[in-house]
Amino acid sequence: MTHSHSTLAIALLLSACAPTPPPRAADGDTIILHRQHVRLAGIDAPEFFQNCYNFPQKRWWPCGLVATYHLEGLMKGRRVLCARTTTDHYGRPVAFCTVDG
């Protein structure tokens with residue numbers, strides 16, 4: 001097991017013993033897990049405040065807000081586990097995550 005994997009595994013084990021806030025979505029491809037921002041591997045979603053243009057309807061819509069709330073809904077009340085793969089250029093862990101196994 002690499003150092004980064006063992007660090008995340010230890011954090012997850014400690015979190016079972018200490019009260020931690022529930023996981024939250026920071027935006028459409030980043031979660032806050034155990035007070036740490038974790039970027040979801042293989043996902044590229046809009047930033048929280050990003051708007052997107054719908055050409056057929058000729059209007060802007062809050063795609064970042066929608067993506068964030070959708071990710072939040074996927075995690076709500078469920079157990080989130082992540083396996084770190086690397087670190088991004090901001091120093092955040094990048095991980096594959098699952099909910100409820």
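Rings of Phe, Tyr and Trp count as a pair if their centres lie within 6.5 Å. With that in hand, here is a quick tour of this predicted model: Tyr53, Phe55 and Trp60 form one aromatic cluster. Elsewhere, strand 7 (residues 93-99) pairs with strand 3 and with strand 6.

**Aromatic rings**

- By the pairing rule, the model has three aromatic pairs.
- One of them joins Phe48 and Phe49, with 4.7 Å between the ring centres and 85° between the planes, which makes it edge-to-face.
- How exposed are these two? Phe49 is exposed, at 73% relative accessible area, while Phe48 is partly exposed, at 27%.
- Tyr53 and Phe55 make another pair: their centres sit 4.8 Å apart and their planes meet at 80°, so this pair is edge-to-face too.
- That label follows because planes over 60 degrees apart count as edge-to-face.
- Tyr53 comes out as partly exposed, with 31% relative accessible area, whereas Phe55 reaches 62% and counts as exposed.
- The cut-offs explain those labels: over 50% is exposed, under 20% is buried, and anything in between is partly exposed.
- Trp60 belongs with Tyr53 and Phe55 in one aromatic cluster.

**Around Asn54**

- Asn54 is part of strand 4, which covers residues 52-54.
- A polar atom on the side chain of Asn54 lies 3.0 Å from the backbone nitrogen of Gln57.
- Which residues does Asn54 touch, once those up to four places away in sequence are left out? They are Arg59 and Trp61.

**Strand 7 and its partners**

- Strand 3 (residues 36-40) runs parallel to strand 7, and two bridges join them.
- Leu40 has Ala95 of strand 7 as its bridge partner.
- On the strand 6 (residues 80-87) side, the pairing with strand 7 is antiparallel and holds seven bridges.
- Here Thr86 has Val94 of strand 7 as its bridge partner.
- Strand 6 and strand 7 form a hairpin with five residues between the strands.

Definitions and conventions:
Residues numbered from 1 in each chain as written. Predicted model: local features only at pLDDT ≥ 70, side-chain atom pairs only at ≥ 80, totals over all residues. Heavy atoms only, no water. Helix = DSSP H or I, 4+ residues; strand = E, 2+ residues; numbered from the N terminus. Polar contact = N/O pair within 3.5 Å; in protein donor to acceptor, adjacent residues only side chain to side chain. Contact = heavy atoms within 4.5 Å. Pairing = 2+ DSSP bridges. Phe/Tyr/Trp six-rings, centres within 6.5 Å; stacked < 30°, edge-to-face > 60°. Buried < 20%, exposed > 50% of the residue type's maximum accessible area, 1.4 Å probe, protein only.
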